[in-house]
Amino acid sequence: MRGKEEERRVPVRITGLSKRYAADRKISSLSFAVYQQEIFCLLGSQGSGTGAVLKMLLDIVHPESGKIEIFGENIARNPRLKDRISYLSRDYQLPDGYSVEQLITMTGSFFSQVDLDWALDFLNAQGIKSDWKINRLSREKRQLVKLAQVLSNQSDLIILDRPTAGLELARQNQILLLLKELRDRGATVMFSSSQPFEARKIADRTGFFHQGSLLAVRGKEELAEFPGKIIFVPQFDIRDEHLTIPGITGWTRENDRFIIHYQANEDEIIKKLSSLPNLLLKLEQPDPGDYISGVK
Amino acid sequence: MNVSFLRKEFKANCWKIYLILAFLIISAVLLVLRFPRFPPLLEQQDLVRLGVENQEKLEIYEFALYLANHWINRLFYAGSILAVLLGVDALAREIEEGTLPFLLSTPQSRQRIFFGKTLINLSLLGLVIIISTLWLGGVVILQNYDIYFLRFLLLGFWFFIFAALPYSLGLLLSFFISDRVKAGIIAVAIFFLFNFLTPGSLAWISEYYLSAYFPAIEGSLPYLKIAVILAAAALMQLLSWRFFSKREF
């Protein structure tokens, strides 16, 4: 098995990684690999340790033990490797005092291959003008600027820590499709998420992460078999006819929240729910126990 | 260190630089204009002969000495405050504002980021000293006074070496005190207190102007003092680097 793996180029290989990342939480003996030109999702709830794993890949957090190889090398010894990596940290905040274009140009100048025109065109398509000041942008627009900044670096490996955080549903889908497009162009994509539907939508393989442990890695087909769940808060009374969408297996109400269970047809369900008038579709983070128990 | 890093640091620190530069520029004009404009009644040697050896009295007649003393005084206060502010903000600002994760994801090693920031910030400080001294020279020329301008530039250079101390102190304290404002105030307080407790620690810089050895430096400088200043700054830099290299963000 290992020999077969080695035949392929492996942009990320983690072996026996351990690290205490909070007072009572520890990543222990973590091992997995991400293959070239695949989309790998680390699926886990807040505090599960996915962010710490991604930081260790960039040597922002130091592992206590274990080995990390990026393109077969130790990134701590060769930081120039980062020129081939686009990384978005969830902790990263945009600095004020710049216009969008100034910021994209400034941050891009740290890397050797950056497509600034692509970044500005992408932002323009999202309704963000290049002369807008960063400090006037909403949280969602800031997230889009961060993504444009990171993805404009034409790198071989894209590592994103919760890339769709703070984005509305339509934009989340747009970003996910963009990642798919980048994968098709030859990049390897690794991202963390707490939303199972994101993994289902684009990931070739998904690692289920829970309290610092990788419980299992599942392929696209296997993942599609897990039941899905959407939680939303409607702004008006939901009636049965609103939810007669193929794929939905049932729904329950908990105070002001509706929980929709489905088995398939996720895109269509989200699209139809989004199109209902006066319905504020607010995806909430599902309880990780629901899908983790399915993996075990 | 690349140009983008320099631009980034300048952009982040420009308000401090402009503020201190404005203070020094205004000070330069006021210092020159404030000097009593009357011809010396007596030559310097006559004053000495008459027993007037007090430096303050000599200053009344010797414009260059008056200017050197007062200029180094202004540089000391304004430059030290700027150095502390640059030191405190160098990494603490990036950590507090959440911009450090980006910097650490660029193809720069931590070592390069850390020492690059020190190099750039001290260069910005040096630039402030050079610009303000050039301005001082311009004002002096316009007022038809006579000074050894090169010596004033060298005054700035010695002060620049001295300023590595408050810069490093600010940087070091920013690792212990999470609030940048508090860290800055404490660093300024410690630095000025140290200087009050060691009177004359800066005197050698202004005395340099009067050095009989000029332009030969040999024999005219307190090498031990310079070595102590540089060693203390280097020690604080290394301690700060140790904290930065181990810290996780």
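**Exercise 1.** Which residue is the bridge partner of A:Phe209 in β9(A)?

*Solution.* The bridge partner of A:Phe209 in β9(A) is A:Leu214. Helices (H or I, at least four residues) and strands (E, at least two) are DSSP runs, numbered from the N terminus. This is a predicted model, in which local features need pLDDT of at least 70 and side-chain atom pairs count only at pLDDT 80 or more, while totals for chains, interfaces and linings use all residues. Residues are numbered from 1 along each chain as its sequence is written, and chains are lettered from A and ligands numbered from 1 in the order in which they are written.

Next, take the two strands as a whole. β8 (residues 205–210) and β9 (residues 213–219) of chain A run antiparallel and are joined by six bridges. Two residues lie between the strands of this hairpin, and A:Gln211 has a positive phi near 45 degrees.

**Exercise 2.** What is the strand order of the open sheet of six strands in chain A, and why is one side of β5 and of β9 left without a neighbour?

*Solution.* Step 1: the order is β5-β6-β7-β3-β8-β9, with mixed pairing. Two strands pair if DSSP finds at least two bridges between them.

Step 2: β5 (85–88) and β9 of chain A are at the edges and have a single partner strand each, so each has one side without a neighbour in the sheet.

Step 3: β5(A) runs parallel to β6 (residues 157–161) of chain A, with four bridges between them. Here A:Tyr87 is opposite A:Ile159 of β6(A).

**Exercise 3.** Where does α1(B) bend, and by about how many degrees?

*Solution.* Step 1: α1 (residues 3–34) of chain B has 32 residues, and its end C-alpha atoms are 41 Å apart. A straight helix would reach 46 Å at 1.5 Å a residue, the expected span being 1.5 Å times one less than the number of residues.

Step 2: the bend is about 65 degrees, at B:Asn13. It is the angle between axes fitted to the seven residues ending there and the seven starting there.

Step 3: B:Asn13 is among the buried residues of α1(B), which also include B:Phe5 and B:Leu24. A residue is buried if 20 or more other C-beta atoms lie within 10 Å of its own, exposed if 12 or fewer, and partly exposed in between, with C-beta atoms placed from the backbone.

Step 4: the buried residues of α1(B) pack against α3 (100–108) of chain A and against α4 (63–97) and α6 (110–142) of chain B. Contact requires C-beta atoms, placed from the backbone, within 7 Å.

Note on methods: Two residues are in contact if their C-beta atoms, placed from the backbone, lie within 7 Å.
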